[in-house]
Amino acid sequence: MVSTAPISASKNDNAEPTVHLTVSQAVVKFLANQFVERDGVRTKFFAGAFGIFGHGNVAGLGQALLQAEIDAVEAGTEPDLPYVLGRNEQAMVHSAVAYARQKDRLQAWAVTASVGPGSTNMLTGAALATINRLPVLLLPADTFATRASAPVLQELELPSSGDVTVNDAFKPLSRYFDRVWRPEQLPSALLGAMRVLTDPVETGAATVAIPQDVQAEAFDWPESLFAPRTWHMARPVPEKSAVERAAEVIRSARKPLIVAGGGVIYSRATDALASFCAATGIPVGQSQAGKGSLPYDHPQSVGAVGSTGTTAANALATEADVVIGIGTRYSDFTTASRTAFTNPDVKFVNINVASIDSVKQGGVSVVADARESLDALAEALGDFTVSDDYRSRVAELAQAWDDTVTSVYAIEDSSAPLNQNQVIGLANTLSDPRDVVVCAAGSMPGDLHKLWRTRDAKGYHVEYGFSCMGYEVAGGIGAKMAEPDRDVFILVGDGSYLMMATELVTAVQEGVKVIMILVQNHGFASIGSLSESLGSQRFGTDYRYRSDDGASEATGLWKGRLDGGILPVDLAANAASLGVDVVRVNNGSEFTDAVKAAKASETSTVIHVETDPLIAAPDSESWWDVPVSATSTLESTRTAYETYQTWKKIQRPFLRPSEH
C-alpha cells in the first residue's frame with residue numbers, strides 16, 4: 001500500500017536522519033534546493049515545473065507539486081517549484097528552453113508529462129534543447145516497474161526486449177538519460193542530471209524517466225539529499241601557449257574576420273568583444289545564435305554571416321586570411337555550406353569552451369571561456385591593429401548594407417499593403433532597444449538575421465539550431481517569463497502558427513504579455529522560395545484548394561492539383577478564440593498604431609497582417625547546400641542543377657593543419 005503519511009523525520013541504521021517521502025515528493029524537494037554560481041552570483045537553478053498530467057504522473061509528480069503548492073500557501077510563501085500548466089508537451093519544453101536561453105543557461109525548468117504519447121510529444125523539444133545546448137530537465141512518466149499491470153495502456157511490447165519503453169527514444173536526443181526503476185536509484189539519477197545541466201559544454205536535455213508506480217512509492221531518504229546544493233559554473237581559462245599561438249596567427253593577418261557565436265552571449269563576453277574589436281579594428285560577423293554579440297551600429301559590426309548573412313560580412317569572409325571563431329560551432333548556415341571562406345591561404349583560430357567546436361576548421365584550438373580568452377588574447381596582441389585601408393573597407397561595406405536595409409524598410413505609401421521586409425522594419429523601428437524578437441522557422445529567421453538591427457545582447461532570440469516550426473509562441477512565452485521587464489515580439493508566419501498556437505492560452509492563463517506579429521501569406525513562404533530556387537516550382541507549399549485540372553474520375557483517388565483558390569483560413573479569428581486581443585492591419589499606418597497600442601497594453605496582442613510571399617529580402621550573395629535532382633524532364637530542375645554544380649565546385653572542407 002502506498003503511504004500517505006505526512007513528511008516525518010526518522011533515523012536509519014547508520015543514524016543518519018531521514019525523511020519519509022514518495023519518489024515524486026523527493027524529486028520536487030531536491031529540485032527546489034539546487035543553485036548555481038558564476039562570478040560570485042548565486043542563483044536558484046530551477047525556476048519551476050511545466051506539466052500536463054495523465055495516468056502516468058497525475059498521482060505521482062502531480063500530487064507532489066500540488067502538495068508543495070498547498071504547503072507554500074499555508075506557510076504564506078511562494079512555492080519553491082512553481083507549477084505552470086501547458087497545452088502541448090512539446091511546447092512546454094520550448095518555453096523552458098527559451099527561458100534558459102534568455103537566462104544565459106543559469107536557470108532552467110523541469111517538464112513532466114504522462115506515460116506514452118504525452119512523454120513522446122517531448123521528443124522534439126529534447127532534440128531542440130540538445131542541439132542548441134540549452135538546459136532542460138525532462139521527467140517523462142514510464143510504464144510499471146513491477147510489470148504487475150503489464151501490458152498497460154500505451155505500453156510498447158518488444159518480443160526481443162522486456163525492458164524497452166517508448167522513453168528509450170529519448171536516449172539519442174538527451175545529453176543525459178536515466179530510468180529510475182527503484183527509489184534507491186533516484187539520488188544518482190538526479191545528481192547525474194544536474195552535472196550535465198550545469199555544464200556549459202555538456203548541457204542540453206537531461207531526461208530522467210520514472211515509472212508511474214515508482215513515482216508514488218514511499219521511501220526513507222537521507223536528509224542530506226535535500227540540503228541546498230550549489231553547482232559552480234566555471235570559466236575555463238585558456239592555456240598560455242594556446243593564446244600565444246593564436247596571437248601569432250592573428251598578428252600575421254592583413255584581413256582578419258571574427259565570427260561571433262552564441263558562446264559570446266552565454267559567456268557574457270559582449271563587452272570584452274566590443275573592446276577587443278574596437279582596439280584591433282577586426283570586423284565581426286555574427287551567427288544566428290551570436291547576433292547581438294555586438295550592437296548593429298558598432299563600427300566593427302558587419303552583421304550576419306553565412307547563408308542568411310549580409311553582403312558586408314560575406315564579402316569579408318570571402319577575402320579573410322584569418323578567421324577567428326569565438327563561441328561558434330560553425331554550423332552549415334554560418335559557413336554557407338563551407339563556401340564562405342574561400343581565400344586559399346585562410347587560417348583559423350577557434351575559441352570555444354567545447355573542444356568539439358574548437359577543431360572543426362583545423363587551425364589553432366583554444367579551449368576556454370570566451371570572455372577569459374578575449375581578455376588574454378587582447379593582452380597578448382598588445383598594440384596590434386589592422387590597417388587603415390582595411391578599416392575603411394569594413395566601414396564602406398557595412399554602410400552599403402545598412403543603406404540596403406534602410407531601402408527595404410522604406411514605405412512610400414503608408415496606406416499600401418506591406419511586404420515582409422517592411423513588417424520587419426516597422427517592428428524593429430517601433431520596438432524599444434531592450435525588446436526581444438523571437439522567431440524560429442520559415443523565411444522569417446533568414447530575413448531577421450539579415451535585416452533586424454539588434455541593439456541589445458539579449459534582444460535577438462531566433463532558434464535556428466533546430467529551426468523548429470511551432471517554437472515561436474511557446475518560446476516567446478518562455479523569453480517573457482525570463483525577463484518580464486522586456487516586451488517580446490513574436491514574429492511568425494501562418495505555417496508555423498498553425499503548428500502550435502495553443503500556448504497563447506497559457507499566456508492568457510499566466511498573465512504573460514507577448515506581442516505576436518502574425519504574417520499571413522497562405523503557405524510556407526520559406527520552403528516555397530527554396531523550392532522555386534531548386535527547380536521544384538513551389539510544389540506543395542501553398543495553402544490552396546485542389547483544382548479540377550488533371551483530376552481522375554476513374555479512380556476517384558486524385559482530385560486534381562493543389563493549385564486552386566486560396567483556403568478560407570481566418571487565423572485572426574482563431575487567435576481571438578484563444579483569449580488574446582487581435583488587431584487586423586492592412587498597411588503601414590494601421591500596423592504602427594497597432595504596435596503602439598500593443599506596447600501600451602497589459603495583455604497579449606496578435607497583430608494579423610497579410611504579405612506577398614514573392615517579395616524576397618535582399619540577396620546574401622551566398623549559398624546553402626540543398627541537393628538538386630540530378631536528372632529531370634523539368635527545365636526548371638535542370639537549370640537549378642547547373643547552378644548547384646557551380647556552387648559545389650567552390651565548396652571544400654576546412655581541415656587546415658594546426659599551426660606550429
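At 44% relative accessibility, Arg147 counts as partly exposed. That class lies between buried (under 20% relative accessible area) and exposed (over 50%), with a 1.4 Å probe and protein chains only. Arg147 sits in the loop between strand S8 (136-142) and strand S9 (176-179). Helices (H or I, at least four residues) and strands (E, at least two) are DSSP runs, numbered from the N terminus. Phi of Arg147 is near 60°, a positive value in a residue other than glycine.

This is a predicted model, so local features need pLDDT of at least 70 and side-chain atom pairs count only at pLDDT 80 or more, while totals for chains, interfaces and linings use all residues. Residues are numbered from 1 along each chain as its sequence is written, and side-chain values use heavy atoms, with hydrogens and water left out.

Arg338 is not a glycine, yet has a positive phi of about 65°. Its place is in the loop between S16 and S17. Arg338 is partly exposed, at 32% relative accessibility.

Is Ser337 buried or exposed? Ser337 is buried, with a relative accessible area of 1%. This serine lies in the loop between strand S16 (322-326) and strand S17 (347-352). Beyond neighbours within four places in sequence, Ser337 is in contact with Ser307, Asp332, Trp623, Trp624, Asp625 and Gln651. Contact means heavy atoms within 4.5 Å.

Val408 belongs to helix H14. Val408 is buried too, at 18% relative accessible area. Not counting residues up to four places away in sequence, Val408 touches Asn421, Gln422, Leu451 and Pro618. Gly511 is 103 residues from Val408 along the chain, and their C-alpha atoms are separated by 36 Å.

## Nonpolar cores

A nonpolar core is a set of buried Ala, Val, Leu, Ile, Met, Phe, Trp, Tyr and Cys residues joined through side-chain atoms within 4.5 Å. The largest one has 83 residues. Those touching the most other members are Leu273, Ile324, Ile326, Leu377, Leu448, Ile517 and Phe591. Helix H14 (residues 388-409) supplies the largest share of this core, eight residues. Another core, of 52 residues, lies apart from it, and includes Val84, Val136, Phe170 and Met481.

Leu273 shows the packing by name. Leaving aside neighbours within four places in sequence, Leu273 is in contact with residues including Ile258, Val284, Ile326 and Leu374.

## Strand S22

How many residues of strand S22 (residues 515-520) are buried? Six of its six are. Ile515, Ile517 and Val519 point one way from S22, and Met516, Leu518 and Gln520 point the other way.

Two strands pair if DSSP finds at least two bridges between them. Strand S21 (residues 488-493) runs parallel to S22, joined by five bridges. There, Leu491 has Ile517 as its bridge partner. S22 also pairs with strand S24 (residues 605-610), in the parallel sense over six bridges. Gln520 has Glu610 as its bridge partner in S24.

## The second largest pocket

Tyr296, Asp297, Ser301, Ala398 and Asp402 are the closest to the centre of the second largest pocket, among 24 lining residues. H14 gives the most to this lining, with six residues. By class, the lining has 11 nonpolar, eight polar and five charged residues. Ala, Val, Leu, Ile, Met, Phe, Trp, Tyr, Cys and Pro count as nonpolar, Asp, Glu, Lys and Arg as charged, and the others, Gly among them, as polar. On a 1 Å grid over the protein atoms alone, a pocket is an open set of points where a 1.4 Å probe fits, with protein on both sides within 12 Å along at least five of seven lines; lining residues have an atom within 4 Å of a point.
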